[in-house]
Amino acid sequence: MKAFLIWWKSNATFWLWVIAIVFAAGYWCRFMAHGDSEKLGLMLALVASSFAIGTIFGFLFSSYGEEQSTIGKIRDWLIGGITGLGLAEAIEQGGSIKKVLQKFQFESGDKGFALDVGTAIAFITLGFFFMYFQRELIFNVSLAAKRAERGRIDGTHNAGIVIQRTLSILPASMLTGVDDIDEIAEVDPDETARLREILYSSEVEEFLQHASAAVRDGGPLDWDVISKVAYIQYYRTYFEKEKKPGQIKLALEWLLRALTVNPLHADLTVKYADILIGNKEYQEAAAILERLSFRPESPALVRQWLGYVLLFIPERIADAIQYSESFYREFPNQAGSLLNTACGYAQLYCQELKNGLAGDAKSKNKDQALLSLKKTLEAEPTYINSISSSLIQHGQDLACLREDKEFLAIIEKFKREASTASPVEQKA
């Protein structure tokens, strides 16, 4: 009963019109037939055909949007035909319309013909306005919504599959400190190639183009579309090399649009902060992540991100170490936080050297950096490549240790182990 009431509430106007027209047509035909069953049949046929003609005209004249390229041409042709035909000539003696109406005429003479003409005109007009207003007020609105929904589903289905595939391949916390997808050691190169292929597939390109066109034209975009575009543009930043600045700008634009619609979305907030980090906007990224960390739904990996981004803010190094250590205590299998801890202590040691500490002097920060570095490489030996290259270059996190004997001994030890490991062990 409840379902029926909901259905009736949404369709009551239409069916009240139908009931009223049926009763009006039945009463008029019964009145005109005067109890004669043959005449009643002719009147019902005239009323039904006239009403049908009116609804066809109403349908043609209320066409819009995509229909203009097909139905609109039929309407224009019909108007031209009526204009050329001439109603006066068609109705007068011997005219084509009069010949048709005479087929329904029961009474002979002008009186019977006048009643048939009046009935036909009345129900053609009624049919026209019935269809015209139903289309304009109900059917066209529903049709536009369904077409929009159909287009959205067609456009977002493949995008959703791509995003799920991406999430299944890439670990949630792997992007801290990574500028390019090829730097991620734990991702299979073949999987990376396949992921690159689907992120730049023709279906995804078409989806992104439709979404961008809708934004340019001022069309409405729902959350499902906006969030999927934001995810795709975000992950594409890790596959771009030459066009990376432009891709970062696109990702920021769509992530911000998504967060405007849903400002409490934790995952997209983290990704927005990550793109800010890639754009070297460290203060802004740290502020966003710290606000998120106070929310109950904040994911734990926010602390890992804070342990990374605060390394770029000299006065917040101690906070970065605290966040990394807190995350590692809860997730001891995450070697990335150990590496961030090592980098934090190494930076504090660099500050000590700048403030006059002798290079051979004992430093707790240096000891902690070396201890954390050793634990990192024991947990994740594949980190040796990035540590021995980017992290000890001039100005990087471990730069102050690159001539330290203990540091070099640790690096050499794990380099030897990596070189003697079997290809399967290296890949693992």
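L338 has its place in helix α15, which spans residues 335–354; helices here are DSSP runs of H or I with at least four residues, strands are runs of E with at least two, and both are numbered from the N terminus. The structure is a predicted model, in which local features need pLDDT of at least 70 and side-chain atom pairs count only at pLDDT 80 or more, while totals for chains, interfaces and linings use all residues. Residues are numbered from 1 along each chain as its sequence is written, and side-chain values use heavy atoms, with hydrogens and water left out.

L338 is a friendly place to begin. Its relative accessible area is 6%, so L338 is buried; buried means under 20% relative accessible area, exposed means over 50%, and partly exposed lies in between, with a 1.4 Å probe and protein chains only. Leaving aside residues up to four places away in sequence, L338 touches Y328, S372, K375 and T376, where contact means heavy atoms within 4.5 Å. L338 and F327 are separated by 11 residues in sequence, and their C-alpha atoms lie 9.3 Å apart in space.

Stepping back to the whole protein, there are 19 helices and 0 strands. Of the 428 residues, 40% are buried. Among contacts with a separation of 6 or more, 60% come from residues 24 or more positions apart.

The packing of helices comes next. Two packed helices are described by the angle between their axes and the distance between the axes. Axes are lines fitted to C-alpha atoms, for helices over the stretch in contact, and angles run from 0 to 180 degrees between N-to-C directions.

Helix α10 (residues 244–261) packs against helix α11 (residues 266–278) at an angle of about 150 degrees, and their axes are 10 Å apart. The angle therefore makes α10 roughly antiparallel to α11; angles under 35 degrees count as roughly parallel, over 145 as roughly antiparallel, 65 to 115 as roughly perpendicular and the rest as oblique. The crossing of α10 and α11 is left-handed, a label used if the near helix is turned anticlockwise from the far one by less than a right angle, with right-handed used if clockwise. On the α10 side, I248, A251, L252, L255, L256, A258 and L259 take part, and they meet L268, T269, K271, Y272, I275, L276 and G278 in α11. This contact of α10 with α11 has 11 nonpolar, 2 polar and 1 charged residues. Ala, Val, Leu, Ile, Met, Phe, Trp, Tyr, Cys and Pro count as nonpolar, Asp, Glu, Lys and Arg as charged, and the others, Gly among them, as polar.

Helix α11 also packs with α12: their axes come within 8 Å and cross at roughly 160 degrees. The two helices α11 and α12 are therefore roughly antiparallel to each other, and their crossing is left-handed. From α11, the contact draws on A266, T269, V270, Y272, A273, L276 and I277, and from α12 on Y282, E284, A285, I288, L289 and L292. By class, the residues of this contact of α11 with α12 are 11 nonpolar, 1 polar and 1 charged.

A285 sits in α12, which covers residues 282–293. With a relative accessible area of 0%, A285 is buried. Beyond residues up to four places away in sequence, A285 touches A273, L276, I277 and V309. A285 and D274 are 11 residues apart in sequence, with a C-alpha to C-alpha distance of 7.1 Å. In the loop between α11 and α12 lies K280. K280 counts as exposed at 62% relative accessibility, and K280 has a positive phi of about 65 degrees although it is not a glycine.

Helices α16 (residues 364–379) and α18 (residues 405–420) pack at an angle of about 5 degrees, with 10 Å between their axes. That angle makes α16 roughly parallel to α18. Their contact is made by K366, L370, L373, K374, L377 and E378 of α16 with E406, F407, I410, I411 and F414 of α18. The residues of this contact of α16 with α18 comprise 7 nonpolar, no polar and 4 charged.

K366, found in α16, counts as buried at 9% relative accessibility. Residues up to four places away in sequence not counted, K366 touches Y349, L401, D404 and E406. The side chain of K366 also makes a polar contact with the side chain of D404, at 2.6 Å. A polar contact is a pair of N or O atoms within 3.5 Å; within protein, one must be able to donate a hydrogen and the other to accept it, and residues adjacent in sequence count only if both atoms are side-chain atoms.
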